[in-house]
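Hi everyone, thanks for coming. Let me walk you through a structure that may be new to you; please have a look at it first.

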Amino acid sequence: MARAERLHALIFLGWSAACQLIAAAAAHLVSRWLTEPVGLLTVHALTAFLLARFVLRLPGAWQAFNLLIAPCAVGYVSLELPSGFLALAALLAVLLYLPTIWTRVPYYPTDRLVYDKILAELPQEKSFRFMDLGSGFGELLRYLATRCPQAEFVGVELSPLPYLISKLKVALFGPRNVHVRYADFWRLSLSEFDFVYAFLAPPPMRRVWEKAAHEMRPGSIFMSNSFDVGEMESKKVELNYGRQTCLYIHKI
């Protein structure tokens, strides 16, 4: 993790702690009139969320953290769940979401309805190399690879759980032209790839585009799902699957 990213994570954690303290104070103030535990918990959660979203303008993952941390804690205590349950839930959350703290990119997989939109942009006979930045559980890569056996598909994933599961699926079920790496794509060169696809989040997209424009070869293609990079795209494909968004295609 870069020094600046560690600093951002610590700052967001400190701001979240402040949100929780102010939310607790707000719940205490209204407890004179509102005595139901559910009502007080709702006041706490909504206050923390509103502070994170509209006052501090924290990234989406931190907004969700501030909204859910108190209800989850109260729910765990009130349900009297075994201690092992909390440990398991915490472990799974860490394995899935830990990189979100410094990357500001939550886990959000590409919708299956978008797969064919991406496939339509790929050559069906010519050999090429394709990279997915943040490949998750690898479903997009495996879908494309079975339909383009002449090409090589590489996924880069930083969350341990999706990486391990995708690696296992490829090892057991193929296809053989898929390769998954556990790595931070900022430390990798994009120069070897003809197509690079990203479905990340708004905060890093400008930097991702600058990296792609600097490293990818002339004539190669950079695709961004949903998030504009601030440059005029070569092509824009409408994605009609319940979200008003596009696949932005940039020719280097």
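Let me begin with a question: which residues does Ser-166 touch, not counting residues up to four places away in sequence? They are Gly-136, Phe-137, Gly-138 and Val-180, where contact means heavy atoms within 4.5 Å.

Before going on, a word on where this comes from. This is a predicted model, in which local features need pLDDT of at least 70 and side-chain atom pairs count only at pLDDT 80 or more, while totals for chains, interfaces and linings use all residues. Residues are numbered from 1 along each chain as its sequence is written, and side-chain values use heavy atoms, with hydrogens and water left out.

Now back to Ser-166, which sits in helix α8. Ser-166 counts as buried because its relative accessibility is 1%; buried means under 20% relative accessible area, exposed over 50%, and partly exposed in between, with a 1.4 Å probe and protein chains only. Other residues of α8 are buried as well, among them Pro-160, Tyr-163 and Val-170. From first C-alpha to last, the 14 residues of α8 reach 20 Å, close to the 20 Å expected at 1.5 Å a residue. That expected span is 1.5 Å times one less than the number of residues.

What comes just after α8? There, Gly-174 takes a positive phi of about 75°. Gly-174 lies in the loop between α8 and β3, and it counts as buried because its relative accessibility is 9%. Gly-174 touches Arg-142 and Lys-169, leaving aside residues up to four places away in sequence. Arg-142 is 32 residues from Gly-174 in sequence, with 7.5 Å between their C-alphas.

Let's follow the strands on either side. Strand β2 (residues 152–157) and strand β3 (residues 178–182) run parallel, joined by 5 bridges; two strands pair if DSSP finds at least two bridges between them. The chain gets from β2 to β3 through helix α8 (residues 160–173), and this β-α-β crossover is right-handed. In other words, with the strands pointing away from the viewer, the path from the first strand over the helix to the second runs clockwise. One of the bridge pairs is Val-154 with His-179 in β3.

Stepping back, the protein has 9 helices and 7 strands, which are DSSP runs numbered from the N terminus (helices H or I, at least four residues; strands E, at least two). Of its 252 residues, 42% are buried. Among contacts between residues at least 6 apart in sequence, 64% join residues at least 24 apart.

And what about the inside? The largest nonpolar core has 48 residues, and those touching the most other members include Ile-118, Phe-130 and Phe-222. Here a nonpolar core is a set of buried Ala, Val, Leu, Ile, Met, Phe, Trp, Tyr and Cys residues joined through side-chain atoms within 4.5 Å. Helix α7 (residues 139–147) gives the most to this core, with 5 residues. A second, separate core of 8 residues includes Phe-12, Cys-19, Ala-23 and Trp-62.

One last stop is helix α2 (residues 37–55), whose 19 residues reach 26 Å from first C-alpha to last, close to the 27 Å expected. Its buried residues include Gly-39, His-44 and Leu-51. Just after α2, Arg-57 takes a positive phi of about 55°.
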